[in-house]
Amino acid sequence: MDGPRLRSEIARRRTFAIISHPDAGKTTLTEKLLLYSGVLQSAGMVKNRKGKLATSDWMGMEQARGISITSSAMQFAYKDCIINVLDTPGHEDFSEDTFRTLIAADSAIMVLDAGKGVEAQTRKLFDVCRLRGIPILTFINKLDLPGRDPLDLMTELEEALGIQSCAMNWPVGSGRKFRGVVDRRAGELQLFEKTAAGGSKRSEIERIPLDSPKFDERLGAEDAEQVRNELELLEIAGNEFTMERFLAGEVTPTFFGSALTNFGLGPFFDAFVELAPCPSGRTVTRKDGTKEKLPATEPFSAFVFKIQANMDRRHRDCVSFMRICSGSYTPDMQVHHERLGKKVRLARPQSIVAQERHTIEEAFAGDVVGLVGKDLYHIGDTLSLEGGFVHEALPLFQPELFARIAPKNTSDRKRFDKGMKNLITEGAVQQVWADVGPRDPMIGAVGKLQFESLQYRLEDEYGVETRLTPLPYECSAWLADNEETFRAPVNSLLAKDKRGRRVVLFKSQLDKRIAAQQNPEHKLLDYA
Ligand code: G4P
C-alpha cells in the first residue's frame with residue numbers, strides 16, 4: 001500500500017461509540033445517521049414492536065447498499081468519511097464488552113435526554129471514555145418534548161461528570177415550540193421544517209444569518225430578543241471551545257436537537273465528522289518495557305477487544321473482533337501473535353452480515369474486523385506485522401453482580417473446571433478468590449447477560465449444566481496499594497482477582513462510600 005493512499009484512507013475514518021442511558025435516543029440517532037448518510041432512504045423502518053433495535057433488526061438492513069454490519073460495528077460512508085460505529089449494547093445486554101468496546105473507539109457521542117440529564121449508565125460509560133481521555137461530543141436530545149432548561153443541563157454535565165461543556169448550537173424554543181437552533185460557529189439561525197412522515201425523511205433547513213432583519217421577522221421580536229440575550233450570556237459566561245481541549249477530553253462540544261423530528265441533525269452530523277478525530281495511533285509497550293505512541297500510519301497492528309462464541313450455529317466457532325490501530329490489512333497477511341510468540345496467517349478476516357460471511361479485501365486503521373478461529377485469540381491480544389510490542393492492556397471493570405457457580409452434577413467437575421478456565425481467560429466474566437466460603441468459583445460481572453451467556457456456553461460448548469447462586473454484593477473496588485491494612489466494613493468481603501490484586505466486594509454503594517471515608521490512606525479504584 002502506498003503511503004498517500006494509506007494516509008488518506010486513515011484520515012477519512014471516524015471510529016466512535018454512542019454512549020447513553022437506555023431510552024435517551026441512541027438507536028434513533030444511529031438510524032438517523034444512516035438516513036443522513038444516504039444508506040437508508042427512510043427512517044423508522046427498522047424498529048420492532050417495542051421500538052428497540054435488536055442486533056437482528058440491524059442485520060435486517062443488510063440489504064441496504066453500502067453498509068456493513070457486524071455484531072460489533074457498523075461501517076458506512078458519510079460524505080467523504082468512512083464511519084465505524086461501534087456497538088455498545090445497553091439495556092439487558094449491558095456487559096463488560098460494552099466497556100471494552102469503548103477502548104476500541106477514537107471518540108464518543110454522548111446522548112442525553114433533555115428531560116432527564118445525566119443518568120446512571122451514561123455516567124459509567126463516560127467514566128470509561130474519561131479513563132482513556134477520548135474526545136466526547138454531547139447531543140442533548142428530545143428538545144421537542146418539555147424538558148429542562150438548557151443552561152441547567154450544561155451545568156449538570158459539568159457538575160456530575162466534571163467535563164466542561166461548550167454549546168455549539170443553542171435551541172430556539174422548546175417542547176412544541178422548538179423551532180430550530182442557532183449555530184454559533186456559523187452565526188446563523190437554522191429553522192427546521194417538520195417532515196410529513198414523522199422524521200422519516202431528512203428535514204429542510206432555512207438558514208438565516210443572525211444579523212439579518214429576517215431573524216426578527218421569523219422569530220418575532222420577543223423571541224428574537226430572548227435568543228439574543230441567551231447568546232450574549234453564553235459569549236460572556238460560557239466555556240471556550242478549542243480543538244486542543246476537545247481532543248484532550250477537557251471540553252465537550254454540546255449540541256441540542258431532536259433525533260426523532262430531525263431538528264438539528266444534519267448540522268450535528270456534519271460537525272461530528274469535522275471535529276471527531278481520525279485514528280491517530282496508540283500507545284504500545286515494546287519488549288524492553290519502553291512505551292511509545294505508534295502512529296496510525298505505521299505498518300499493520302491491531303488488538304482483539306471482543307470475542308463472540310457461537311455467532312453462527314452452522315460454523316460452531318468463535319469470532320474475535322480486532323480493532324486495527326495502524327496500517328492496513330491485506331488478504332493472507334502473516335502477522336506476529338505476540339502472546340503466543342508465533343506468526344499467524346490472517347487468512348479469513350470477516351465482515352459478518354446476518355448469517356452470511358464476506359471476506360474483507362482490505363481494511364485500514366480504525367476499522368473492525370472479525371477473525372474466525374477458536375482458542376487462537378484472547379481479549380487484549382496484539383497482532384502486528386513487525387512484532388515486538390503489545391498494545392495497552394484492556395482494563396478490568398468493577399463488577400456489580402456476584403455469584404458462585406457450580407456444576408449441577410459433580411461428575412462434570414473436570415469439564416466444568418476446563419470450561420471455566422477457558423471462559424475466564426477469554427474475559428466472559430471475572431473470577432475472584434477469597435479464603436472463606438465454599439470452593440465453587442466466585443464470579444463477577446457488570447451485566448446479567450454475562451452470567452447467562454457463561455452458563456449457556458458451559459452447557460453448549462462443554463456439556464456442563466450449572467447452578468448459579470447469587471451473592472449479596474452490589475459493587476466492588478480494587479485497592480490501589482494492595483495493602484492488607486484496609487479496614488473493610490463488616491459485611492464486605494476481601495478477595496483477590498486473577499492477577500492477584502486485592503479487591504473488596506461491598507454490600508451496597510453506601511458501604512463503599514463509608515469504607516472510602518474510613519480508609520483515607522487507601523485509594524479505591526473502579527477499574528484495574
Ligand atoms: P435508546 O436506543 O437510547 O434506548 O433509545 P431509542 O432511540 O430507542 O429511543 C427511546 C424512545 O425515545 C423511543 O420511543 C424513541 O422514538 C423516542 N425518542 C428518541 N429520540 C426522540 C426525540 O428526539 N424526541 C422524542 N419525542 N422522542 C424521541 P418509542 O419508539 O415510542 O419507544 P418507547 O417510548 O415505547 O420506549
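Helices α4 (residues 96-103) and α5 (residues 120-132) pack against each other at an angle of about 35°, their axes 9 Å apart. This is a predicted model, so every value here is computed from predicted coordinates. The crossing of α4 past α5 is right-handed. From α4, the residues involved are F99, L102 and I103, and they meet L125, V128, C129 and R132 of α5. Sorted by class, that contact has six nonpolar residues, one charged residue and no polar ones.

Setting aside neighbours within four places in sequence, L102 is in contact with A17, T88, A108, L125, V128 and C129. In the largest nonpolar core, which has 123 residues, L102 is among those touching the most other members, along with A108, I109, C129, M322 and I324. The element giving the most to this core is strand β16 (residues 318-326), with six residues. As background, nonpolar side chains in soluble globular proteins tend to be buried together.

Now for the strands. Is β30 buried or exposed? Five of the five residues of β30 (residues 475-479) are buried, so the strand is largely enclosed by the rest of the structure. Side chains in a regular strand alternate between the two faces of the sheet. In β30 both faces are covered, with C475, A477 and L479 buried on one side and S476 and W478 buried on the other. W478 stands opposite V503 in β32, and also opposite L525 in β33.

| Pair | Bridges | Direction |
|---|---|---|
| β30 (residues 475-479) and β32 (residues 502-506) | four bridges | antiparallel |
| β30 and β33 (residues 524-525) | two bridges | antiparallel |
| β26 (residues 401-407) and β28 (residues 442-445) | four bridges | antiparallel |

The β26 and β28 pair belongs to an open sheet of four strands, ordered β27-β28-β26-β29 with antiparallel pairing. At its edges stand β27 (430-432) and β29 (466-471); each has a single partner strand, so one side of each is left without a neighbour in the sheet. On average, and ignoring direction, neighbouring strands of this sheet are turned by 35° against each other.

Technical notes: Residues are numbered from 1 along each chain as its sequence is written. This is a predicted model: local features need pLDDT of at least 70, side-chain atom pairs count only at pLDDT 80 or more; totals for chains, interfaces and linings use all residues. A nonpolar core is a set of buried Ala, Val, Leu, Ile, Met, Phe, Trp, Tyr and Cys residues joined through C-beta atoms within 7 Å. A residue is buried if 20 or more other C-beta atoms lie within 10 Å of its own, exposed if 12 or fewer, and partly exposed in between; C-beta atoms are placed from the backbone. Two residues are in contact if their C-beta atoms, placed from the backbone, lie within 7 Å. Axes are lines fitted to C-alpha atoms, for helices over the stretch in contact, and angles run from 0 to 180 degrees between N-to-C directions. A crossing is left-handed if the near helix is turned anticlockwise from the far one by less than a right angle, and right-handed if clockwise. Ala, Val, Leu, Ile, Met, Phe, Trp, Tyr, Cys and Pro count as nonpolar, Asp, Glu, Lys and Arg as charged, and the others, Gly among them, as polar. Two strands pair if DSSP finds at least two bridges between them.
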